[in-house]
Amino acid sequence: FRAEESGDFAPLDHGQAWTFPEVPETGTVRISYAVRLSAKRLDRGIYFSPPIEPAKLARLVDTLSIESVSDFERWSLLKLAASANYFTASQAKELVDAMNYRKGKLDAAILLFSRTVDPGSYGAAIMDRLGTDSDRAALAEVMAPHARHGVGAR
């Protein structure tokens with residue numbers, strides 16, 4: 001940005017350029033051009049988007065595995081990570097394992113199924129991580145529509 005020295009605008013720093021976050025304390029700034037930048041990734045779907053990079057996954061699993069992180073914080077972090085990334089079935093297995101309690105594992109397994117790039121391998125990777133038959137049945141029910149179309153676990 002440059003301070004305007006004409007019109008109703010007072011000069012800022014004698015017309016010197018300045019950049020955020022070092023903003024002048026006084027004066028009026030006129031912005032003649034602004035760009036909105038977006039950090040949202042291009043989401044191209046499970047068949048065209050690569051899974052999360054191994055180093056990023058390792059950091060995520062390490063964070064989820066910290067004992068002082070509450071179950072609510074784990075779930076919130078997992079939802080945030082799943083909204084911006086895709087996973088392989090084996091990566092999802094690591095994330096499910098990082099959840100502490102039975103319902104957390106089931107919720108993670110259900111959430112991550114829609115974000116996996118290899119849904120055909122998902123059941124084999126995840127089912128044994130769920131502690132009860134009712135949890136496995138709940139996940140199978142979520143995966144069933146995909147299985148009928150040749151996409152889900154067999």
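The model is predicted: local features need pLDDT of at least 70, side-chain atom pairs count only at pLDDT 80 or more, and totals for chains, interfaces and linings use all residues. Residues are numbered from 1 along each chain as its sequence is written, and side-chain values use heavy atoms, with hydrogens and water left out.

**Fold and surface**
- The protein chain has six helices and zero strands; helices (H or I, at least four residues) and strands (E, at least two) are DSSP runs, numbered from the N terminus.
- Along the sequence the pattern reads α-α-α-α-α-α.
- Of the 154 residues in the chain, 31% are buried; buried means under 20% relative accessible area, exposed over 50%, and partly exposed in between (1.4 Å probe, protein chains only).
- Among contacts with a separation of 6 or more, 60% join residues 24 or more positions apart; contact means heavy atoms within 4.5 Å.
- The chain exposes about 10100 Å², and carbon and sulfur atoms supply 55% of that area. Accessible areas come from the Shrake-Rupley method with a 1.4 Å probe; for residues, only the protein chains shown count as cover.

**Nonpolar core**
- The largest nonpolar core holds 27 residues; such a core is a set of buried Ala, Val, Leu, Ile, Met, Phe, Trp, Tyr and Cys residues joined through side-chain atoms within 4.5 Å.
- Leu78, Leu95, Ala109, Leu112, Tyr122, Ile126 and Leu139 touch the most other members.
- At least two core residues come from each of α1 (54-64), α2 (71-84), α3 (89-98), α4 (102-113), α5 (119-126) and α6 (133-148).
- Leu112 touches Leu78, Ala82, Phe87, Ala92, Leu95, Val96 and Tyr122, leaving aside residues up to four places away in sequence.

**Helix α1**
- Leu57, Leu60, Val61 and Leu64 are the buried residues of α1.
- They fall within an arc of 95° seen down the axis of α1, so they line one face of the helix; the arc is that of the directions from the helix axis to the C-beta atoms.
- α2 and α3 are among the elements covering these buried residues.
- Exposed Arg59 and Asp62 sit on the face of α1 turned away from its buried side.
- Pro54 is also in α1. Pro54 counts as exposed because its relative accessibility is 63%.
- Pro54 and Phe87 are 33 residues apart in sequence and 10.0 Å apart in space, C-alpha to C-alpha.

**Aromatic side chains**
- Arg115 lies over the face of Tyr86, at 3.9 Å from the ring centre; this requires CZ of Arg (or NZ of Lys) within 6 Å of the ring centre and within 35 degrees of the ring normal.
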